[in-house]
Amino acid sequence: MVLINCDDLGYGDLGCYGSTANATPAIDRLAAEGLRFDDFSMASPVCSPSRGAMLTGCYPPRIGFDSFDGLPVLFPGQGLGLPTSEISMATMLRDAGYRTQMVGKWHCGDQPGFLPTDHGFDHWFGLPYSNDMGRQAYPTEGPMAPPPGREPIYLNPLPLMLDDRVIEQQPDQAALTERYVTESVRFLREAAAGDDPFFLYFAHLYVHIPLYVQPRFAAASANGDYGAAVACIDWALAVILHELRELGLDDDTIVIFTSDNGSRGVDGGSNAPLRGAKTTTWEGGMRVPCIVRWPGRIAAGRTTSELASGIDWFPTLAGLCGGEVPTDRTIDGRDIAPLLLDEEARSPHECLLSYWMDQLEAVRVGRWKVHYAKHGTVRTELYDLEADPGETTDVAADHPDVLAALAVHAEAARASLGDGLPGRAGPDVRPIGRVDHPVPLPAYDPAHPYYLAEYDLTDRG
């Protein structure tokens with residue numbers, strides 16, 4: 001099992017999803033050899049809740065990942081994270097006899113007890129949070145510039161970690177993907193030499209800003225540094241697929257390729273033809289690319305418009321890999337193996353929910369999506385996503401019956417998960433992990449020989 005999760009890669013960023021800006025031959029080939037989902041959503045339009053949801057099979061409020069002391073994502077040194085009482089996908093697969101390895105971005109907590117090695121991964125090599133959460137230059141003008149007379153507030157150095165230890169600070173970000181690929185190949189070869197099945201979770205730093213890219217990808221890009229970062233993602237997939245073939249594991253390995261949320265929609269990224277971007281519960285923030293390949297089991301070149309979500313991977317992989325879905329707690333995901341294996345299968349979801357922090361903003365049922373709020377502002381809008389995937393025409397006035405039907409699902413969600421907008425607490429939610437006296441992983445030391453004492457790009461996102 002290889003699960004590749006990109007960072008902020010948009011629905012319209014890949015050739016097989018219609019992009020003409022970025023070259024993605026390996027990803028396009030993966031789609032030609034497998035199944036492309038055209039209506040696949042993540043559980044949040046930002047990274048920490050999206051990743052926690054995918055790993056546990058639960059909507060973010062279910063696991064306390066709706067708000068991080070008022071912030072939409074986790075920040076360095078916060079005393080919050082995914083507690084060991086939650087059962088992750090890696091824990092489930094490890095208990096089923098799998099070797100487990102993670103490379104790349106975690107972003108589910110950086111304190112002891114919250115790291116990948118506390119959640120079922122035998123080993124981890126990567127960043128504990130986003131690549132813009134290190135020491136970085138500040139712009140001199142614009143919304144991110146410090147007010148006149150006020151010094152900028154610098155974060156601590158960006159840590160690169162091996163298992164539970166910081167092994168490097170302020171690493172060369174342009175080289176990280178190549179280092180991640182090297183570690184992935186090492187793991188695949190080691191796993192192939194044994195008899196145990198394996199699970200590799202490869203969580204890219206691309207295309208989250210700041211974008212530091214290798215000159216060879218930049219020189220070939222028709223879409224600036226963004227296109228270069230996408231090309232590097234594509235190259236990494238090509239290496240992994242080549243390695244699987246060389247090891248004779250091609251037919252025995254399920255490869256999943258997806259993204260944690262939509263693109264920022266600027267600086268070269270695209271969610272076309274969808275409305276909205278990262279941080280929004282419009283389709284452009286929630287719907288992401290998703291491709292699955294399993295030679296001999298998943299028919300090549302298929303597409304499906306059936307609804308599916310990142311929370312579905314937990315129960316789906318449990319069913320395919322001999323794992324167990326917990327029965328002592330609510331799991332929101334559904335087993336979508338039939339969608340993978342049977343062209344006639346239909347989505348197991350009655351509805352999909354879109355939360356922004358603790359607020360229920362939208363509900364999707366089949367072709368219909370109703371929006372109830374946007375970042376604290378109440379609204380009621382209805383869109384027919386089959387006829388209008390770009391959510392351009394509000395048809396609420398024409399379909400009161402549909403609004404009434406979707407309101408039933410919204411009320412069921414509020415009764416279970418809560419909704420901060422009307423001030424309702426969810427009775428079937430579990431607490432986020434907390435530690436007293438959290439300590440940042442590295443502290444800034446002016447005498448340390450950092451590779452880059454301060455990243456020069458000012459982009460933050």
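A cavity here is a set of points, on a 1 Å grid over the protein atoms alone, where a 1.4 Å probe fits but cannot get out, and its lining residues have an atom within 4 Å of a point.

This is a predicted model, where local features need pLDDT of at least 70, side-chain atom pairs count only at pLDDT 80 or more, and totals for chains, interfaces and linings use all residues. Residues are numbered from 1 along each chain as its sequence is written, and side-chain values use heavy atoms, with hydrogens and water left out.

**View A. The second largest cavity.** This one holds about 60 Å³ of space, a volume being the space filled by probe spheres set on grid points joined across faces, edges and corners. Around it sit S44, V46, P49, P60, F65, D66, P72, Y355, W356 and M357.

**View B. The largest cavity.** The structure has 4 cavities of 30 Å³ or more, and the largest comes in at about 120 Å³. It is lined by 14 residues, with S41, L352, L353, S354 and R364 the closest to its centre. Two elements give two or more residues each to this lining: α7 (283–286) and β14 (352–356). Helices (H or I, at least four residues) and strands (E, at least two) are DSSP runs, numbered from the N terminus. β14 gives the largest share, 3 residues.

**View C. Helix α8.** The buried ones are W313, F314, P315, T316, L317, A318 and C321.

Terms used:
On a 1 Å grid over the protein atoms alone, a cavity is a set of points where a 1.4 Å probe fits but cannot get out, and a pocket is an open set with protein on both sides within 12 Å along at least five of seven lines; lining residues have an atom within 4 Å of a point. Buried means under 20% relative accessible area, exposed over 50%, partly exposed in between (1.4 Å probe, protein chains only).
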